[in-house]
Amino acid sequence: MSQTSFSTRRSLLPPTALLLAAGLLTACSASPSSPPSPTPDTRPLGDVTTAPKECGLVSKQSIERATGLGDFTVEKYMSDDGKYLDSCYIYTKPRNKSGYRLRIEIDTSPLPLSNIEQIKASSDGVDLPADAGPGFTFTLVESGVKYESAGWAWARDGSSMLTVTLAETPSNRDPQKDAAEFIRQLRPIVLDTDRASTRASGRRQ
């Protein structure tokens, strides 16, 4: 039986078969598509001081939303007299070597405002919303990778400072926005109150 050449056999294929074969070749040669970007998580943090609270200050729900952790380890540090919260750390559970996911700290010996302004300028800091008081947020970048976002705010008399730092946050959250919201709600409790001023005065003595 005579052999039919490949080119002759290909010419005998119907047009639809040729189109299908071309489509398959194109699909095979195309590079794999990038995974779709995650849908932004725009849920508000809600009331960041509502129960149940961690460290006696911050709501569990707001921590879960900001960090993406459904379960976590909590460490808190109190003032020397045990009356006031100095800092609250949120880690993964079980805790791993990657460090904290959220840190809230109240410093009664803050840097001079002139130094803070220099840090703001060097880190491309963004002013807090007007209703959050004086302060700014910024993101630290190393080798092109964003690894930590923070918000800094200070008492109007300069006596104390509140910092909120978020690390390894979910890719669909805005950590600078979350830091600003934590500050907006926590400021009246830890900075702009008579109790806060009394605490700062006692620590400076």
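The structure is a predicted model, in which local features need pLDDT of at least 70 and side-chain atom pairs count only at pLDDT 80 or more, while totals for chains, interfaces and linings use all residues. Residues are numbered from 1 along each chain as its sequence is written, and side-chain values use heavy atoms, with hydrogens and water left out.

**Nonpolar cores**

In soluble globular proteins, nonpolar side chains tend to be buried together. A nonpolar core is defined here as a set of buried Ala, Val, Leu, Ile, Met, Phe, Trp, Tyr and Cys residues joined through side-chain atoms within 4.5 Å. Buried means under 20% relative accessible area, exposed means over 50%, and partly exposed lies in between (1.4 Å probe, protein chains only). The largest nonpolar core has 29 residues, and those with the most contacts inside it are Ile90, Leu102, Ile104, Leu162, Val164, Phe182 and Leu186. At least two residues of this core come from each of helix 3 (60–67), strand 4 (85–92), strand 5 (102–107), strand 9 (161–167) and helix 5 (175–190). Helices (H or I, at least four residues) and strands (E, at least two) are DSSP runs, numbered from the N terminus. Helix 5 gives the largest share of this core, six residues. Another core, of seven residues, lies apart from it and includes Ala150, Trp152, Trp154 and Met161.

Leucine 186 touches Val48, Thr49, Leu57, Ile104, Leu162 and Leu191, when residues up to four places away in sequence are not counted; contact means heavy atoms within 4.5 Å.

**The disulfide**

A disulfide is a covalent bond between the sulfur atoms of two cysteines. The criterion used is a pair of cysteine sulfur atoms within 2.5 Å, and a search of the whole structure finds one disulfide. Cysteine 55 and cysteine 88 form it, with their sulfur atoms 2.0 Å apart. The torsion about their S-S bond is about 75 degrees, so the disulfide is right-handed. The pair links distant parts of the chain, 33 residues apart: cysteine 55 is in the loop between strand 1 (53–54) and strand 2 (58–59), and cysteine 88 is in strand 4. Cysteine 55 is buried, with a relative accessible area of 11%, and cysteine 88 is also buried, at 3%.

**Helix 3**

The buried residues of helix 3 are Ser62, Ile63, Ala66 and Thr67. These residues cover an arc of only 110 degrees around the axis, which puts them on the same side of helix 3. The arc is that of the directions from the helix axis to the C-beta atoms.

**Aromatic pairs**

Rings of Phe, Tyr and Trp (its six-membered ring) pair if their centres lie within 6.5 Å; planes under 30 degrees apart count as stacked, over 60 as edge-to-face and the rest as tilted.

| Pair | Type | Centre to centre | Angle between planes |
|---|---|---|---|
| Tyrosine 77 and tyrosine 89 | edge-to-face | 5.9 Å | 90 degrees |
| Tyrosine 89 and tyrosine 91 | stacked | 6.1 Å | 10 degrees |

Tyrosine 77 is partly exposed, with a relative accessible area of 42%, whereas tyrosine 89 is buried, at 16%. Tyr77, Tyr89, Tyr91 and Tyr100 form one aromatic cluster.
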